[in-house]
Amino acid sequence: MKALHFGAGNIGRGFIGLLLSQSGYEVVFSDVNESLVQALQERGSYEVTIADESGESIAVHGVRAIDGRNAAAVAEEVASADLVTTAVGVPILKHIAAGIAEGIKLRMERGGSALHIIACENAIGASTQLKEHVLALLSPEEQQKAASLVAFPDSAVDRIVPLQHHEDPLAVTVERFYEWVINRSQMFPGSKEISGVHYVDDLIPYIERKLFTVNTGHCSAAYAGYHKGYATIQEAMKDEEVVHLVNGALQETGSMLVRAYGFNASEHEAYIHKIMDRFRNPYLSDEVVRVGRSPIRKLSPDDRLIRPALRVLEQGGSAEHLTKVMALALHFDYAEDPEAVKLQSMIAEKGVRDAFAEVSGLDADHVLTQQVMAAYEQ
């Protein structure tokens, strides 16, 4: 069996590629990083180290790579793959759609078997977004034919893989914990399951639980830590004020999730504590500027801050801690992050209220906007 995975970065190698390999797939990475592609081609293997007291090292064999800019090569791999996955970041999905569309055309011409294409990104409905990009490149006739051949099941993924520097460019360190949940109801019947993956018929509760706990909590620690001058999440989580803010934000999202989806309250509380312990992992060193990057995306209407805060308010709850995190995100002025630079430019040009309204999609006089502005001034 062969899996084509877009994105040979740390998440691609240390999470998705590892699980696919352990499930019996030959893993073919598609990436635009020439040095990574060359190293994978030359060696055909890499090492994954678990960030805990064991320091366990896992060898991943039977891998290769192609240049993602080689459209013909990408299309050929899609046409002959048994599975296609991605870990490239949501903004990049539209850029890989062309190669996937051409591969689907080849597959249809050759009478290929059914194919699942799964976007493993930090977003709600990432596979559905990729599907829209791909279908836009197919004719109506091709779209109709592809519907019975290709499915795009949505998924939720969770594993902390920080920025890291190794002498070996292929070496990667990851936490032991991981979660990969796939929407079974969007798959073809009788499909082979991937080892270590949890399949559910309704993904939304799981993806929102992850997004509004792990991702909300992570960026809360990052923005609070950056504001207080800490370099890493682990340093920030030693500060009781930061911990109080992170826990407060997760209590707010947690209360909303329990009410919305019927999660067991005590089990969700335990989940929050587990997530916060993961942020404290002394065997990881995760930079606050990595976790806090792309503040415009993180402050967008359907992401980890605005969406849960609005639902908290709809339920009649308080979003006090979430609004403080949003205010801190507006203060995130890291000069090497393009989105942070753009956001600060918008604030300087329009004023903070209008800048926030633009990125959040909220009216300038919305109650949440007013609360964020009050927190921002403080």
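The second largest pocket holds about 390 Å³ of space. A pocket is, on a 1 Å grid over the protein atoms alone, an open set of points where a 1.4 Å probe fits, with protein on both sides within 12 Å along at least five of seven lines. Its volume is the space filled by probe spheres set on the points, which are joined across faces, edges and corners. The model is predicted: local features need pLDDT of at least 70, side-chain atom pairs count only at pLDDT 80 or more, and totals for chains, interfaces and linings use all residues. Residues are numbered from 1 along each chain as its sequence is written, and side-chain values use heavy atoms, with hydrogens and water left out.

**Pocket lining**
- Fifteen residues line this pocket (each has an atom within 4 Å of a point), and Ala224, His227, Leu245, Lys324 and Leu328 lie nearest its centre.
- Helices H7 (204-227), H9 (240-261), H14 (320-330) and H17 (367-377) each give two or more residues to the lining; helices are DSSP runs (H or I, at least four residues) numbered from the N terminus.
- The lining comprises seven nonpolar, five polar and three charged residues.

**Serine 294**
- Serine 294 is found in the loop between helix H11 (288-292) and helix H12 (295-298).
- Its phi is positive, about 60°, although serine 294 is not a glycine.
- Most residues other than glycine have a negative phi.

**Glycine 316**
- Glycine 316 lies in the loop between helix H13 (306-314) and H14.
- Glycine 316 is exposed (over 50%), with a relative accessible area of 64%.
- The C-alpha atoms of glycine 316 and methionine 256 are separated by 9.7 Å, and the two residues are 60 residues apart along the chain.

Definitions and conventions:
Nonpolar A, V, L, I, M, F, W, Y, C, P; charged D, E, K, R; others polar. Buried < 20%, exposed > 50% of the residue type's maximum accessible area, 1.4 Å probe, protein only.
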